[in-house]
Structures are given as structure tokens and as C-alpha cells.
Amino acid sequence: MTTEPIVYVLSDSVGETAELVVKAGLSQFKNGEYNIQRVPYVEDKETIDEFLHIAKEKNGMIGFTLVDPGLRSYLNEQSIEMGVEAIDIMGPTIDAMERLFNKRPRLEAGLVHKLDEEYFKKIEAIEFAVKYDDGRDPRGIARADIILIGVSRTSKTPLSQYLAHKRIKVANVPIVPEVDPPEELMVVDPSRCIGLRITADKLNSIRKERLKALGLGDQATYANMERIQQELEYFNEIVDKIGCEVIDVSNKAVEETANLILRMMQKN
């Protein structure tokens with residue numbers, strides 16, 4: 001017969017929070033040896049009754065996180081009546097916050113888990129934007145939610161990062177006359193592609209400032225007006241061939257362009 005303490009962790013979600021708290025408490029006893037059995041998605045009194053009886057029979061205890069006030073009260077009352085030790089992990093915290101905020105709780109199960117999922121989706125999107133930035137790996141085109149297309153200095157990278165914080169996977173592809181666009185770009189769904197257009201004068205101004213910041217003269221080919229016109233004409237050819245939406249970013253902040261893209265995504 002095992003001498004390890006048996007704790008049944010009941011939760012209306014996956015039970016991770018309850019298990020972590022119970023483990024922290026048990027680590028103070030018996031050199032951290034314990035036996036935990038998690039019971040997720042508890043939604044009725046029958047399940048509570050079942051595990052109260054099992055805990056009583058096994059001389060165990062119950063730790064629980066239930067946001068439903070009715071189920072919480074029922075478990076607390078029945079555990080006292082049956083002489084089973086039960087720890088209401090979430091209840092006192094919610095009650096105290098309700099008094100402090102003078103506001104009713106949402107009483108929605110699994111919110112912590114949902115928040116964690118959203119966080120990891122954002123991190124995944126940020127890593128995706130870094131990996132598939134500036135066309136460095138065309139394989140990202142097939143996996144991206146959005147593909148941004150534009151000549152150099154049209155804010156492709158900042159836009160990719162901004163949208164990544166909205167949990168959108170973005171790849172961006174630079175358009176250069178001397179380089180054929182990746183084949184993947186020509187076969188992807190056009191609704192997932194967005195061209196970033198800019199006027200020649202605005203691009204010339206941006207590139208000159210960029211060259212100054214790098215300590216270079218503004219007469220370099222990069223900022224040459226004839227070269228810029230060549231790049232923009234090639235850009236127009238490519239987006240026409242793809243048949244994608246185009247946004248003029250000449251006088252738009254990154255946030256403004258990003259919001260336009262988000263609206264396009266919702267429409268599609």
C-alpha cells in the first residue's frame with residue numbers, strides 16, 4: 001500500500017493551475033513525494049460526488065479550481081459533511097477581488113489557459129516574421145497568413161513585426177529588378193498578398209536619409225531617381241501579375257497601414 005499522499009485535482013478547465021498550487025504545497029512534505037490525479041473539465045455535481053467518495057475511501061484530499069459558485073459551494077459543503085479535506089484554490093481569491101473591484105467576475109472557465117495560448121501564438125508569429133523577413137526563405141510564403149511585397153524602405157519589416165504582435169504570421173518579399181520573385185509568390189493565393197506602393201519622391205527622400213544615417217553620400221545609386229523609377233515600375237509589373245491588393249504607404253505610419261491590412265483580412 002502506497003504511503004504517498006493522494007490528492008485529486010478537480011478543475012472546470014485543464015487543471016494546470018490547481019496542480020501547480022498543490023505541487024507547491026506538497027513539496028513541503030515527504031521530500032516532495034506525492035501522487036496527484038488530475039480530473040479536468042468538471043461540470044456537474046455527480047463528478048464531484050464520485051471523487052469525494054474516492055478521496056474518502058483512499059484517505060486522500062481534494063484541491064480544486066471551480067469558477068462556478070454553485071459547484072464551489074457544493075464541493076465545500078459536501079467535503080465538510082463527508083470529512084474529506086478539500087482546498088478551494090480559486091474561490092477565496094475571486095471573492096476577495098470581487099469585493100475589491102466591486103465587480104462581478106466573468107465566471108468563465110479556462111481563461112488562464114486561453115491567455116497562455118494567445119501569448120504563445122504571438123511569440124510564434126514574431127519568430128515567424130524574423131525567420132521569413134526580407135525574402136530570406138521563400139518557404140515561408142506558403143505558411144504565412146500575409147505576404148508583404150515592396151521595394152526597399154517601404155516598411156516591410158516594421159509592418160511584419162507590428163502584425164506579428166497581433167498574432168499574424170507575416171512573410172515579406174523585397175522586389176528588386178535584377179532578381180526574379182520567388183516561384184512560391186507567383187502561385188500563392190493573391191488574397192494573402194499585399195503590395196506596398198510608394199511615390200518616387202517619398203522613396204527618394206527616405207533613402208537619402210537612410211544613406212546619411214549610414215554615413216554615406218546621398219548620391220549613391222540607392223537614392224538615384226532613375227533607379228527608383230525603375231524599381232517602382234518593376235514593382236507595378238509584379239503586383240499586376242499576382243493580382244493582389246496594393247496599399248500606398250507614402251504618407252502612412254506603420255500603425256495606419258497595419259490597420260488597413262487587418263481590415264482587409266477581416267473582409268477576406
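Q: Which residues in α2 meet which residues in α3?

A: In this predicted model, K45, I48, D49, L52, H53 and K56 in α2 meet L71, Y74, L75, Q78, S79 and M82 in α3. Sorted by class, the residues of this contact of α2 with α3 are six nonpolar, three polar and three charged.

Q: How is the packing of two helices described in general, and at what angle do α2 and α3 pack?

A: The description of two packed helices rests on the angle between their axes and the distance between the axes. Here helix α2, residues 45-57, and helix α3, residues 69-82, pack at an angle of about 30 degrees, and their axes are 10 Å apart. Because angles under 35 degrees count as roughly parallel, α2 is roughly parallel to α3. As for the hand of the crossing, that of α2 and α3 is right-handed.

Q: How do helix α9 and helix α10 cross, and which residues meet there?

A: The axes of helix α9 (residues 200-213) and helix α10 (residues 225-242) come within 10 Å of each other and cross at roughly 125 degrees, which makes α9 oblique to α10. In passing α10, α9 makes a right-handed crossing. On the α9 side the residues are A200, D201, L203, N204 and R207, and in α10 they meet M225, I228, Q229, E231 and L232. By class, this contact of α9 with α10 has five nonpolar, two polar and three charged residues.

Q: At what angle do the axes of α7 and α11 cross, and what makes the contact?

A: For helix α7 (residues 156-164) and helix α11 (residues 254-267), the axes come within 10 Å and the crossing is at roughly 60 degrees, so that α7 is oblique to α11. The crossing in which α7 passes α11 is right-handed. From α7 the contact takes P158, L159, Y162 and L163, and from α11 it takes V254, E255, T257, A258, I261 and L262. These residues of α7 and α11 divide into eight nonpolar, one polar and one charged.

Q: Turning to the sheets, what is the order of the strands in the open sheet that contains β1, and which strands stand at the edges?

A: This open sheet of four strands has the order β2-β1-β3-β4, and its pairing is parallel. The edges are held by β2 (35-39) and β4 (86-88), each of which has a single partner strand, so one side of each is left without a neighbour in the sheet. On average, neighbouring strands of this sheet are turned by 20 degrees against each other, with direction ignored.

Q: Finally, how many helices and strands does the protein chain have, and what radius of gyration does it have?

A: The secondary structure of the protein chain comes to eleven helices and eight strands. The radius of gyration of the chain is 29 Å, whereas a compact globule of 268 residues would have one near 18 Å. Along its principal axes, the C-alpha trace spans about 85 × 45 × 40 Å.

Notes
Residues are numbered from 1 along each chain as its sequence is written. This is a predicted model: local features need pLDDT of at least 70, side-chain atom pairs count only at pLDDT 80 or more; totals for chains, interfaces and linings use all residues. Side-chain values use heavy atoms; hydrogens and water are left out. Two strands pair if DSSP finds at least two bridges between them. Helices (H or I, at least four residues) and strands (E, at least two) are DSSP runs, numbered from the N terminus. Axes are lines fitted to C-alpha atoms, for helices over the stretch in contact, and angles run from 0 to 180 degrees between N-to-C directions. Angles under 35 degrees count as roughly parallel, over 145 as roughly antiparallel, 65 to 115 as roughly perpendicular and the rest as oblique. A crossing is left-handed if the near helix is turned anticlockwise from the far one by less than a right angle, and right-handed if clockwise. Contact means heavy atoms within 4.5 Å. Ala, Val, Leu, Ile, Met, Phe, Trp, Tyr, Cys and Pro count as nonpolar, Asp, Glu, Lys and Arg as charged, and the others, Gly among them, as polar. The radius of gyration is taken over C-alpha atoms; the globule rule is 2.2 Å times the number of residues to the power 0.38.
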